[in-house]
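Try each task before you read its solution.

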Amino acid sequence: MKDRSFTFYCDGNVYTGGIITNGCLRLESEVWGEEYDSERYTTLTKEATDMLFSKISFKDFIELGKKEGVYGIEELMDHYGIKYIAMTI
C-alpha cells in the first residue's frame with residue numbers, strides 16, 4: 001500500500017480520517033468542543049495493514065469509513081481478527 005492520507009469526514013469541530021505511511025495504517029478521530037475534546041488513534045502494523053486490505057479494497061474501505069467512521073473500521077478488523085492498537089485521549 002502506497003503512502004497516502006484520506007478523510008472520512010471533516011466539518012468544523014469533527015475530523016475522521018487517517019494516513020498510511022511506510023505501509024502502516026493510522027486512523028484518527030478528533031472532536032473539539034467547548035466543554036471537552038476527544039481524540040482516538042488506531043494504529044496497525046504493516047502486516048495488519050496488508051491483511052486489512054486483502055479483505056477490503058481501498059475504495060470500499062473509504063466508503064465504510066464515511067458511513068460507519070473509525071469504529072466501523074475497527075468492527076471490521078475485529079471481525080477478521082486483525083490486531084490493532086487503539087488509544088483514546
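This is a predicted model: local features need pLDDT of at least 70, side-chain atom pairs count only at pLDDT 80 or more; totals for chains, interfaces and linings use all residues.

Residues are numbered from 1 along each chain as its sequence is written, and side-chain values use heavy atoms, with hydrogens and water left out.

**Exercise 1.** Find where T45 sits and what T45 touches.

*Solution.* Start with the place: T45 is in the loop between strand 4 (37-43) and helix 1 (46-55). Helices (H or I, at least four residues) and strands (E, at least two) are DSSP runs, numbered from the N terminus. Now look for contacts (heavy atoms within 4.5 Å): setting aside residues up to four places away in sequence, T45 touches G23 and C24. Last, the T45 side chain reaches the backbone nitrogen of A48 at 3.0 Å.

**Exercise 2.** Work out how strand 4 pairs with strand 3 and strand 5.

*Solution.* Pairing takes at least two DSSP bridges between two strands. Strand 3 and strand 4 run antiparallel, joined by seven bridges, and form a hairpin with four residues between them. Along it, S29 stands opposite R40. Then move to strand 5 (residues 85-88), which pairs with strand 4, also antiparallel, over four bridges; here Y41 has M87 as its bridge partner.

**Exercise 3.** List the contacts of L25.

*Solution.* Skip neighbours within four places in sequence, and you get F6, I19, I20, T42, T43, L44, T49, L52 and F61.

Conventions:
A polar contact is a pair of N or O atoms within 3.5 Å; within protein, one must be able to donate a hydrogen and the other to accept it, and residues adjacent in sequence count only if both atoms are side-chain atoms.
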